[in-house]
Amino acid sequence: MCIRDRYDSTKFDYCHGNAIELDHDANYLVSFRHLDAIYKVNRTTGHIIWKLGGKSSSFTFVNDYGFSGQHDIRRLPNGNISLFDNGNSGQAPRKSRGLIYSLDTINWTANLVWNFDNSPNQYAIAMGNHHITTNNYHLINYGMSYRPDPSISLVSSQLNKISQIYFKDSI
């Protein structure tokens with residue numbers, strides 16, 4: 001089925017694609033926030049190659065419950081996928097996290113290999129990103145998050161908080 005054949009304006013906001021990434025094989029990775037899923041789409045035909053998350057995921061999450069309302073998906077040089085999980089539909093209490101998954105397209109499993117959620121628990125209802133710097137630090141931007149929570153966390157790969165930034169306004 002082609003992704004453009006699935007549109008029904010009464011069911012979901014299909015246009016809320018919030019990240020697109022050209023994958024290693026020149027196909028597209030597209031994040032659809034309201035579907036709680038990342039789609040790999042054939043660049044030539046528009047057909048769906050696989051879907052990570054959401055309803056009818058192609059992958060089983062083996063050591064995590066998945067993500068929801070996500071932003072900023074990226075294919076990393078080592079083949080893993082990074083993203084910012086807003087956690088809109090996550091387990092209670094809701095929390096937002098920076099995540100990295102390795103995907104096994106033989107056994108169709110998604111393995112959580114890195115995860116940062118701020119302590120105390122932090123929830124960003126919208127926006128946000130997870131960027132990995134050239135020196136392998138993780139910059140977590142919480143998007144729509146309110147005081148007293150930080151707006152940005154800089155974290156090492158070993159999950160040590162290096163710094164946190166608090167903006168005067170809430171977002």
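The structure described here is a predicted model. The mean pLDDT of the protein chain is 89, and 90% of its residues reach 70 or more.

**Confidence**

- Where pLDDT is low, predicted coordinates should not be read in detail.

**Sheet and strand pairing**

- An open sheet is built from five strands in the order S5-S9-S8-S7-S6, and its pairing is mixed.
- S5 and S6 each have a single partner strand and stand at the edges, so one side of each has no neighbour in the sheet.
- Within this order, S8 and S9 run antiparallel and are joined by eight bridges.
- Leu99 stands opposite Asn115 in S9.
- Strand S1 (residues 17–22) pairs with strand S2 (residues 28–32) in the antiparallel sense, over five bridges.
- Glu21 has Leu29 in S2 as its bridge partner.

**Nonpolar cores**

- In soluble globular proteins, nonpolar side chains tend to be buried together.
- The largest nonpolar core here has 16 residues, and the members that touch the most others are Ile38, Leu52, Phe67, Leu83, Tyr101 and Leu103.
- Strand S4 (48–53), S7, S8 and S9 each supply at least two residues of this core.
- S8 gives the largest share, three residues.
- Another core lies apart from this one and has nine residues, among them Leu76, Phe84, Phe116 and Tyr142.
- Phe67, a member of the largest core, has contacts that include Ile38, Leu52, Phe61, Leu83, Leu99 and Tyr101.
- Other contacts of Phe67 include Asp36 and Asp85.

**Aromatic pairs**

- The whole structure contains seven aromatic pairs.
- In one of them, the ring centres of Phe61 and Tyr101 are 5.4 Å apart and the planes meet at 65°, so the pair is edge-to-face.
- Phe61 lies in strand S5 (residues 60–61) and Tyr101 in strand S8 (residues 97–104), so the pair ties together parts that are 40 residues apart in sequence.
- Phe61 and Tyr101 are both buried.
- Trp50, Phe59 and Trp108 form one aromatic cluster.

**Ile100 and Asn80**

- Ile100 lies in strand S8 and is buried, with a relative accessible area of 7%.
- Beyond four places in sequence, Ile100 touches residues including Leu76, Ile81, Leu112, Val113, Trp114 and Ile132.
- The contacts of Ile100 also include Asn80, His130 and His138.
- Ile100 and Arg75 are 25 residues apart along the chain, and their C-alpha atoms are separated by 9.6 Å.
- Asn80 lies in the loop between strand S6 (71–75) and strand S7 (81–85).
- Although placed in a loop, Asn80 counts as buried, at 13% relative accessibility.
- Not counting residues up to four places away in sequence, Asn80 touches Arg74, Arg75, Ile100, Tyr101, Ser102 and Val113.

**Backbone exceptions in loops**

- Most residues other than glycine have a negative phi, and most peptide bonds are trans.
- Asn136 is not a glycine, yet has a positive phi of about 70°.
- The loop that holds Asn136 runs between S10 and strand S11 (138–141).
- Leu159 also has a positive phi, near 75°.
- Leu159 sits in the loop between strand S12 (152–155) and strand S13 (161–165), and is partly exposed, with a relative accessible area of 41%.
- Ser119 and Pro120 are joined by a cis peptide bond, with omega about 5°.
- Pro120 lies in the loop between strand S9 (109–117) and strand S10 (129–132).

Conventions:
Residues numbered from 1 in each chain as written. Predicted model: local features only at pLDDT ≥ 70, side-chain atom pairs only at ≥ 80, totals over all residues. Heavy atoms only, no water. Helix = DSSP H or I, 4+ residues; strand = E, 2+ residues; numbered from the N terminus. Buried < 20%, exposed > 50% of the residue type's maximum accessible area, 1.4 Å probe, protein only. Contact = heavy atoms within 4.5 Å. Pairing = 2+ DSSP bridges. pLDDT = per-residue confidence, 0-100. Phe/Tyr/Trp six-rings, centres within 6.5 Å; stacked < 30°, edge-to-face > 60°. Core = buried A, V, L, I, M, F, W, Y, C linked by side-chain atoms within 4.5 Å.
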